[in-house]
Amino acid sequence: MVAKKPETATQQIAVVLGALSSGQPVLDMMRQLLATGAGVELHGVFIEDEELQQAAALPLVNELCRLTLSVREINGARFDRVIALRRRTARKMFEGLAQRRGVSHTFRTAHGSIVSLLQETIHTSNVTIFEPIRQLSSSAIGQPMRSRLTARRIVVVVDDFDTGKEALHTVALLTKGRPDRFSILLRAQNMAELHAMEQLVRESLPNRPFRLLLLPDREIDSLIASVQSERGDMLVIGATETSLKPELLGSLLNRLECPVCLVRPVEGSPSRDP
C-alpha cells in the first residue's frame, strides 16, 4: 500500500489597506510571496478606522490636495466619497494582483479600531503586511516611486527560534531574485542561543549580504530605534504574544515609516529544518 503524501498546509496571507493610501507600496513588496500561487490564499482587509471617521466629523477639518496643494474643507459627505474612492482603488489593485498571480483571494471592509482589527487579522493569517500611519501620511502628499530593482534594506527580528525561522523563510521569498540587503536584529537569552540564531540566519539567507545586530532589551523603544537607525524599507517580525500586544502594535503603526510584515507559522506544516 502506497503511503499518502502529507497535505501541504495553505498559507493565509493578509494585506491590510487603509483610507490614506492605495496600498501600492505594500502590494509591490509582496509580489514574490505570491510567485508560486499554489497553497496560498490572499485576503485583503480595507480598514475604515473609527478614529479617522470621528476626526472627519469635527468642524474645521481640512485636507491638502496633492495636485494643487490647495487646502479644502472636509465634511461628512465629502469624507465618505473619498473613502469610497480609496476603497474601490485599493480593491481593484488588490484583485488585479491576485488574478495575475492566480491565487485564491477575498476582499472585505472592516470598521473599528485599527489596532484591534490588526490583532484580529494577524491571529487568522500566517503573513500579515500593513503600512504604518506615518508612511501613509507621507505617501499621501506624494513620494517618488522606487525602482523594483533598487536594493532595499529589510530588517528582521529574530528573538524566538521557531518564529524567527518562519520570518527568515518569508524574507527569503519576499526578496527572491532581488539585490536586497538585510539587518538581522537578534535577541537571545544566552550565548548558546545567540550562536544558534546566528547559524540559523546564515543557513536561511545563503550568499545574501546581511549584518547582525543585538537588541539590548525587549523594550519597544529599542526596537523602533534600531529599525529607524538601519533605515529599514520593511520590518519583518514574528507574530508572538509580545508583538501582538496593543502597545507594540500601536508603536509600529504610529512611529515607523516602512511597511511591517508579521509572520506566524503555518499550522499543520512540517517544521523547517535550518
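## Overall make-up

Nine helices and eleven strands make up the secondary structure of the protein. The model is a predicted one.

The protein has 274 residues, and 46% of them count as buried.

## Packing of α8 and α9

Two packed helices are described by the angle between their axes and the distance between the axes. Helix α8 spans residues 220-229, and helix α9 spans residues 246-255. Their axes lie 10 Å apart, at an angle of about 30°. Angles under 35 degrees count as roughly parallel, so α8 and α9 are roughly parallel to each other.

The crossing of α8 past α9 is right-handed. On the α8 side, the contact involves I220, D221, L223, I224 and Q228. On the α9 side, E247, L248, S251, L252 and R255 meet them. By class, the residues of this contact divide into five nonpolar, two polar and three charged.

E230 sits in the loop between α8 and β10, a strand covering 234-238. Its relative accessible area is 10%. Buried means under 20%, so E230 is buried.

Which residues does E230 contact, leaving aside its neighbours within four places in sequence? They are R153, V155, S183, R211 and L213. Two arginines, R153 and R211, are included in that set.

Technical notes: Residues are numbered from 1 along each chain as its sequence is written. This is a predicted model: local features need pLDDT of at least 70, side-chain atom pairs count only at pLDDT 80 or more; totals for chains, interfaces and linings use all residues. Side-chain values use heavy atoms; hydrogens and water are left out. Axes are lines fitted to C-alpha atoms, for helices over the stretch in contact, and angles run from 0 to 180 degrees between N-to-C directions. Helices (H or I, at least four residues) and strands (E, at least two) are DSSP runs, numbered from the N terminus. Angles under 35 degrees count as roughly parallel, over 145 as roughly antiparallel, 65 to 115 as roughly perpendicular and the rest as oblique. A crossing is left-handed if the near helix is turned anticlockwise from the far one by less than a right angle, and right-handed if clockwise. Contact means heavy atoms within 4.5 Å. Ala, Val, Leu, Ile, Met, Phe, Trp, Tyr, Cys and Pro count as nonpolar, Asp, Glu, Lys and Arg as charged, and the others, Gly among them, as polar. Buried means under 20% relative accessible area, exposed over 50%, partly exposed in between (1.4 Å probe, protein chains only).
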